[in-house]
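Here is a short briefing to read alongside the structure. Have a look at the model first, and then we can go through a pocket, a surface patch and some charged pairs together.

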Amino acid sequence: MFRIILSIFAFSTFCLCSVLNTDEAFNIKLTNDESGVEFNFKFGENIYIYKDTFSVVLNQKSINELLNLPKYEAVGEYNIIMQDFHLLVPKGLIKEQLKDDKALLTLNYQGCAKNGICYRPQVKNYDITLKNDKLIVRERSDEISDDERIAKEVSDTGFWLSALTFFGYGILLSLTPCIFPMVPILSSIIVSKGGKDLGIRRGFVLSLVYVVAMSLAYALAGVIASLMGFGISGALQNAWVLGLFSLVFVLLAFSMFGFYEIKIPAVFEKFTTKDKKSDGIIGVFVMGFTSALIVSPCVAAPLAGALLYIAQSGNAFYGGVLLFIMGLGMGVPLLLIGASSGKILPRPGIWMDTIKAIFGFLLLGMAIWLSARFLGSFYELLGYGILGIIAILYFMTLKGGGVFKKLALFAIFIYSATLIFGAFNGAKDPLSPLNFTKKSDELKFIEVKNLNELNKIIKNSATPVMIDFYADWCVSCKELESITFKDLAVINLLKNFTLVRIDVTKSSDDNDAMLREFGLIDPPALLFFKDGVQLNSKRIIGFIKPEKFLEKISDIK
């Protein structure tokens, strides 16, 4: 009985004794001076490491034979290091291995405690940068960016959970401006098909076809972009393609005003003979597919994570399916519009003519929005203003509406007038047409044209660097510009940064090279550097609100 009690006591003592964590067991302090980088290892009580597991790797090459490694002793069949030690990596050795004045130094080791507890293999990575002949060393954080986290989750999670997660991501993305341009397009299709007479079921079917086509476009474009390393949507943002689609929207708008009648978009007339039995299904499918590529190129963390997973794993099918499911989630509001078409749209008559005219002007607005991507913000604001004045004159000729109509037209007149005034005074944002008087509060960005210029700025900057990948056709980029970068607290914080903007509005070899350098497909993306080293955990993909932006980067000094 005494032996049993003693055994239980000993076992309980072992279970309740404190176990050192890895930082306590292997305390490493780094010092850096003219002689080089020195690591001071201090072991916890009764801790040791195995000599065969200890290695120092510089730019993926072991340099053990070039260093004065710590003494070890044989214990049984193992050689172990039991005493605290100092390890110097000479400055000259590091400078020989530098590439573009950068190097990655890695420490590998594994150890145990004398009570039998062993620790998992340890890997410590240190980014080294040469600046003014001085080595700057920073331990690489285990934190990863949002898109890398999502890519890892896709790799580690089962299909059904990943599918459900990406459908949820799609629903969240549907609440962003990226999906807004699809609403007038789909609504105009429903109106042109007969409005309420179309019926709830038919409206839902048309919406479903549109959403499936849109999702398929996102999936195919994403897979191709990941495997080939460039953005399909970005490649389509040129004057010829955008001009063609602007013309399509103008043609669709004129049909809303009764100039002519079309059952499917005129540009797709070759599908008419094949589409008779399906009553426009093919035309709706083509419109959904193409508009997803042209109208709404938008990169956010979930999309970037899926693209990164495809690029890293090569599993294009799995990644493509997740992108397709995410597209379905993004289309939920569009499906609701289709299913409710029988209730929110009035019966044919004067009101239906008014509704068609409203969608006609919305489509003309879409044409201006697309063409502004290559014409510039001046023509965008001016175009919206003139369109508003024309809309007022048109609706004044229609009967009915009473006081509400007069108030609405007066509000449109005021807004249109401010748009025209703002266009001639340098305003750039249609949502803030009078925001042109605070030049002193604007952030000052350095425009960079190629990778060499960019690397020089990153290397020589005495302050942290923020790189903004931007494009005129990028909806989320405009959000960052008009909301986040207009916030006074954000402006004050970023005054301590070197701000770099890379405008990838036009596709070019230099722009593609800079995107590929950082594993990006399309904008928007915000990257942060300090002492020439990228702070990977601070990387931002997509739009971020001012308060979240401040929370994420406020600790960069």
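What volume does the second largest pocket have? In this predicted model, the volume of the second largest pocket comes to about 1,300 Å³. Domain 1 (22–142) and domain 3 (446–554) both contribute lining residues, so this pocket lies between them.

**The second largest pocket**

- The lining is made up of 37 residues, and those nearest the pocket centre are Asp 127, Arg 140, Gly 532, Val 533 and Gln 534.
- Two or more lining residues come from each of these elements: strands E9 (102–109), E11 (122–131), E12 (134–139), E16 (525–530) and E17 (533–534), along with helix H19 (451–460).
- Helix H19 gives the most to this lining, with five residues.
- Sorted by class, the lining holds 18 charged, ten polar and nine nonpolar residues.

**A nonpolar patch on the surface**

- Leu 216, Leu 220, Ile 224 and Phe 285 make up a nonpolar surface patch, and together they have about 300 Å² of accessible area.
- Helix H7 (residues 200–228) gives the most to the patch, with three residues.
- Leu 216 is placed in helix H7.

**Salt bridges**

- Side chains of opposite charge can pair when their charged atoms come close.
- Over the whole structure, a search finds ten salt bridges.
- One of them joins the side chains of Lys 91 and Asp 133, at 3.8 Å from N to O.
- Lys 91 sits in helix H3 (residues 91–96) and Asp 133 in the loop between E11 and E12, so this pair ties together parts that are 42 residues apart in sequence.

Key. Residues numbered from 1 in each chain as written. Predicted model: local features only at pLDDT ≥ 70, side-chain atom pairs only at ≥ 80, totals over all residues. Heavy atoms only, no water. 1 Å grid on protein atoms, 1.4 Å probe; cavity = no way out; pocket = protein on both sides within 12 Å on 5 of 7 lines; lining within 4 Å. Points joined across faces, edges and corners; volume = space filled by probe spheres on them. Helix = DSSP H or I, 4+ residues; strand = E, 2+ residues; numbered from the N terminus. Nonpolar A, V, L, I, M, F, W, Y, C, P; charged D, E, K, R; others polar. Domains from an automatic or database assignment. Patch = residues over 30% accessible without salt bridge, like charges linked within 9 Å, V, L, I, M, F, W, Y side chains within 5 Å. Areas by Shrake-Rupley, 256 points an atom, 1.4 Å probe, with all protein chains shown as cover. Salt bridge = Lys/Arg side-chain N within 4 Å of Asp/Glu carboxyl O.
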